[in-house]
Amino acid sequence: MDIIKVKFRGVARCYQYDSTGLELNRGDRVVVESERGIQLGTVMKILRGHNRNGKKISLKKVLRVGTEKDLSS
């Protein structure tokens, strides 16, 4: 599983999401489902092939890479 840490505007904390299957880089904008609904966030850190010491974890998946339309709203 590939895990990314995402930061949202106005929030100090980063949140983890499953980015398996997506080629992302630090600074990319992504659309994810958060506790506050669908949000646009910024990739702050990438942990490729990360498995949390063999422990099974459940993370929400990144919905998609942010589009120009997302960035302008």
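**The surroundings of V62**

A: Setting aside residues up to four places away in sequence, V62 touches I4, Y17, D18, S19, L22, V30, V31 and V32; contact here means heavy atoms within 4.5 Å. The model is a predicted one, in which local features need pLDDT of at least 70 and side-chain atom pairs count only at pLDDT 80 or more, while totals for chains, interfaces and linings use all residues. Residues are numbered from 1 along each chain as its sequence is written, and side-chain values use heavy atoms, with hydrogens and water left out.

V62 sits in the loop between strand 4 (37-47) and strand 5. Helices (H or I, at least four residues) and strands (E, at least two) are DSSP runs, numbered from the N terminus. V62 has a relative accessible area of 8%, so it counts as buried; the term means under 20% relative accessible area, with exposed over 50% and partly exposed in between (1.4 Å probe, protein chains only). K45 is 17 residues from V62 in sequence, and the two C-alpha atoms are 14 Å apart in space.

One of the contacts of V62 is V32, which lies in strand 3. V32 is buried because its relative accessibility is 0%. Beyond four places in sequence, V32 touches F8, Y17, G37, I38, Q39, V62 and L63. L63 is 31 residues from V32 along the chain, yet their C-alpha atoms are separated by 5.2 Å.

Strand 3 (residues 29-34) and strand 5 pair in the antiparallel sense over 2 bridges; two strands count as paired if DSSP finds at least two bridges between them. V31 and R64 are also contacts of D70, together with L40 and V65, when neighbours within four places in sequence are left aside. D70 belongs to helix 1 (residues 68-72) and, with a relative accessible area of 16%, is buried. K55 is 15 residues from D70 along the chain, but 34 Å separates their C-alpha atoms.

Strand 1 (residues 3-7) and strand 2 (residues 14-18) pair in the antiparallel sense over 5 bridges, and K7 has C14 as its bridge partner in strand 2. Their hairpin has 6 residues between the strands, and G10 takes a positive phi near 80° there.

These pairs belong to an open sheet of 5 strands in the order 2-1-4-3-5, with antiparallel pairing. Strand 2 and strand 5 (64-65) are the edge strands, each pairing on one side only. Strands of a sheet pair through backbone hydrogen bonds, either parallel or antiparallel.

Along the sequence, the protein follows the pattern β-β-β-β-β-α. Of its 73 residues, 27% are buried. Among contacts with a separation of 6 or more, 58% come from residues 24 or more positions apart. The C-alpha atoms fill a box of roughly 40 × 25 × 15 Å, taken along the principal axes.
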